[in-house]
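Thanks for coming. I will keep this short and go through a surface patch, a pocket and some charged pairs.

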Amino acid sequence: MKELLLQLARHNAWANQRLMKALAVLPDERLDRDMGSSHPSLRATVLHIWNAESIWYQRLHLASPVVPAAEAFRGSTEELARLFVKQSEDLAAFVATASPVRLAHTVEYNSRALGVCKTPVEQILLQSFTHSAYHRGQLVTMLRQQGATRIPSTDFIEYTSKKK
């Protein structure tokens, strides 16, 4: 299980970095254009992914209360890209150093939507990685709707084939 989680964690960081490189060169008007998605704009979607990864990371470290990383963020797009990718790399580092016992540990936390929850670390990591992948797909769709033609692939198979 640890090897699978580590592959997913490293893929997540790689995919987020690739997509942020593509987004970081866009003008603010395009990043902030309301696209009618579950989060209105490209920037809002990135902030949402970053918040979620940050919240799960804090829960893995038993922080309470958790503080969404992007809640008070007012920096540049380049700073957003750097901090967001760092968060993804921190998740990967957590997996790399976690023992099997730590990965099987159950974390108790308070969710705004669900109340008090108890979830194994392995499931928290899977939630974080699949959530990010879902929203990366939305980012790609929004980019295409804006006419972008040079969008990097973030597929897992491309990540694994590039490593060989």
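**Surface patch, pocket and salt bridges**

L126 has a relative accessibility of 30%, so this residue counts as partly exposed. Keep in mind that what you see is a predicted model. L126 sits in helix 6. Together with M1 and L4, L126 makes up a nonpolar surface patch with about 270 Å² of accessible area.

Now the largest pocket. Its space comes to about 630 Å³. Helix 3 (42–60), strand 1 (106–111) and helix 6 (121–145) are the elements that each give two or more residues to its lining. Helix 3 provides the largest share, six residues. In total 23 residues line the pocket, and I55, R59, N110, S111 and R112 lie nearest its centre. By type, the lining has 13 nonpolar, seven polar and three charged residues.

On to salt bridges. How many are found in the whole structure? The search gives seven.

One of them pairs R18 with E158, at 3.5 Å from N to O. R18 belongs to helix 1 (residues 2–24) and E158 to helix 7 (residues 156–162), so this pair ties together parts 140 residues apart in sequence. R18 is partly exposed at 25% relative accessible area, and E158 is partly exposed at 21%.

A second one joins R43 and D28 at 2.9 Å, N to O. Is R43 buried or exposed? Its relative accessibility is 16%, so R43 counts as buried. D28, at 46%, is partly exposed.

Last, R82 and E79 form a salt bridge, 2.9 Å from N to O. Both lie in helix 4 (residues 77–97), three residues apart, or about one turn of the helix.

Notes: Residues numbered from 1 in each chain as written. Predicted model: local features only at pLDDT ≥ 70, side-chain atom pairs only at ≥ 80, totals over all residues. Heavy atoms only, no water. 1 Å grid on protein atoms, 1.4 Å probe; cavity = no way out; pocket = protein on both sides within 12 Å on 5 of 7 lines; lining within 4 Å. Points joined across faces, edges and corners; volume = space filled by probe spheres on them. Helix = DSSP H or I, 4+ residues; strand = E, 2+ residues; numbered from the N terminus. Nonpolar A, V, L, I, M, F, W, Y, C, P; charged D, E, K, R; others polar. Patch = residues over 30% accessible without salt bridge, like charges linked within 9 Å, V, L, I, M, F, W, Y side chains within 5 Å. Areas by Shrake-Rupley, 256 points an atom, 1.4 Å probe, with all protein chains shown as cover. Salt bridge = Lys/Arg side-chain N within 4 Å of Asp/Glu carboxyl O. Buried < 20%, exposed > 50% of the residue type's maximum accessible area, 1.4 Å probe, protein only.
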